[in-house]
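Here is a friendly walk through one protein model and its ligand. Please keep the viewer open as you read.

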Amino acid sequence: MRFSDSEWDRWSAGPLLIESKDTGQLLGSTGLMFESATSAAVGYVLAKDAWGHGYATETLQAVTSLAASLGVTRVFALCHPRHRASARVLDKGGFLLNASFIPAQFPNLDGTDRGEALMYLHPPDLHVEPLGDANDVQECARMMASSEPWITLQRTAEGLVPVISDPVKEVHLVRDADGIAAFIILDLRGLTNGYVQTICVRADRRGGGLGAALLGWSEIHIQQQSPNVFLCVSSFNPGAQKFYARLGYERVGVLRDYVISGYDEILMRKTRGPLRRK
Ligand SMILES: CC(C)(COP(=O)(O)OP(=O)(O)OC[C@H]1O[C@@H](n2cnc3c(N)ncnc32)[C@H](O)[C@@H]1OP(=O)(O)O)[C@@H](O)C(=O)NCCC(=O)NCCS
């Protein structure tokens with residue numbers, strides 16, 4: 001109860017009970033577990049005699065709508081890899097497998113468990129459009145050149161124009177009343193097929209869940225063709241490193257002195273699983 005109270009005190013929602021609409025009987029529990037004001041995990045547990053009636057599916061739909069109404073832009077769920085029924089419920093609720101090997105604790109299971117979960121993501125409700133004309137290119141270039149990490153990496157707006165307008169890359173963006181609110185550049189060729197080259201949220205929109213939502217949208221786009229999403233993050237950008245780790249990215253290597261001498265790039269990967277399934 002203390003845990004529930006503290007969650008409800010801190011965030012806009014927390015743990016909830018599931019009751020039968022007909023009889024009021026207690027069937028189980030559900031709720032939202034917030035990581036930040038805009039990112040929350042859904043969960044549900046039903047009493048054994050309440051299994052097989054579709055209550056979990058109904059619960060998940062209700063909690064997902066609740067999250068949307070509270071302005072949560074990233075709704076995800078963690079599921080044990082062998083828990084097929086739960087995966088099926090997530091599937092029916094519109095959630096997509098987004099990452100494997102997420103460290104998790106399953107207190108009900110014995111010590112032989114690997115302590116890793118699958119992460120499922122609900123597709124973000126975001127209006128994403130392709131890069132438009134030369135004005136868009138200029139706006140994106142200026143946004144990058146005036147922000148870290150590109151200031152330290154000595155990138156100028158002029159030098160970034162060919163990067164943003166490179167026709168072999170995909171650039172997707174989100175607009176608001178003030179112009180381009182965020183954009184992402186994807187490179188879908190080669191070994192790191194599914195490479196997020198750049199993500200940039202306009203400075204006044206940062207910390208409001210837009211970056212996580214645009215990255216989630218891009219992961220779903222990439223995962224239609226590859227189970228892997230790769231990206232690099234600068235060694236001097238701890239905020240972004242924390243952001244990616246929270247979203248299920250794993251550090252796979254360090255590219256020393258990669259862009260300029262004295263600074264490394266950290267290669268990270270999020271995976272749904274192996275390239276070939278058994
Ligand atoms: C990193 C970035 C894309 C995240 O997008 P966002 O919309 O700010 O992120 P969200 O609101 O979804 O999530 C916020 C998280 O981002 C992280 N973050 C990184 N840089 C941040 C910044 N300048 N302002 C706010 N949050 C930042 C924080 O760790 C925060 O986590 P918390 O909620 O646990 O504190 C965005 O902050 C940005 O464009 N930063 C500058 C460019 C950059 O670093 N790009 C990545 C290059 S690898």
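The report below goes from the overall fold to the domains, the cores, the ligand shell and a few loop residues.

## Model and overall fold

This is a predicted model, in which local features need pLDDT of at least 70 and side-chain atom pairs count only at pLDDT 80 or more, while totals for chains, interfaces and linings use all residues. Residue numbers start from 1 along each chain as its sequence is written.

The protein chain holds seven helices and 13 strands; these are DSSP runs numbered from the N terminus, with helices being H or I of at least four residues and strands E of at least two. Its C-alpha trace spans about 65 × 45 × 35 Å along the principal axes.

Of the 278 residues, 32% count as buried. Here a residue is buried if 20 or more other C-beta atoms lie within 10 Å of its own, exposed if 12 or fewer, and partly exposed in between, with C-beta atoms placed from the backbone.

## Two domains

The domain assignment gives domain 1 (2-121) and domain 2 (129-271), with bounds that come from an automatic or database domain assignment. Their C-alpha centres lie 30 Å apart. Where they meet, 13 residues of domain 1 are in contact with 12 residues of domain 2; contact means C-beta atoms, placed from the backbone, within 7 Å.

On the domain 1 side, β5 (96-103) and β6 (116-121) each supply at least two of the touching residues. The largest share, six residues, comes from β5. By class, this side has six nonpolar, five polar and two charged residues. Ala, Val, Leu, Ile, Met, Phe, Trp, Tyr, Cys and Pro count as nonpolar, Asp, Glu, Lys and Arg as charged, and the others, Gly among them, as polar.

## Nonpolar cores

A nonpolar core is a set of buried Ala, Val, Leu, Ile, Met, Phe, Trp, Tyr and Cys residues joined through C-beta atoms within 7 Å. In the largest one, of 38 residues, A182, F183, L214 and L231 touch the most other members. α6 (210-222) gives this core its largest share, seven residues. A separate core has 23 residues, among them V63, V72, A77 and Y120.

Leaving aside neighbours within four places in sequence, L214 is in contact with L126, V128, V174, A182, I184 and I199.

## Around the ligand

The ligand has 20 residues around it, of which R206, G207, G211, A212 and G239 come nearest; a residue is near if its C-beta atom, placed from the backbone, lies within 6 Å. β10 (195-201), α6 and α7 (238-246) each supply at least two residues of this shell, and α7 gives the most, with four. The shell is made up of nine nonpolar, nine polar and two charged residues.

## Loop details

The loop between α4 and α5 holds P149, and the peptide bond from E148 to P149 is cis, with omega near 5 degrees. Q154 is in the loop between α4 and α5 as well, and has a positive phi of about 60 degrees although it is not a glycine. Q154 is exposed, because 10 other C-beta atoms lie within 10 Å.

In the loop between β12 and β13, D257 has a positive phi near 45 degrees, again in a residue other than glycine. S261 lies in the loop between β12 and β13 too, and counts as exposed because it has 7 C-beta neighbours inside 10 Å.

Technical notes. Two residues are in contact if their C-beta atoms, placed from the backbone, lie within 7 Å.
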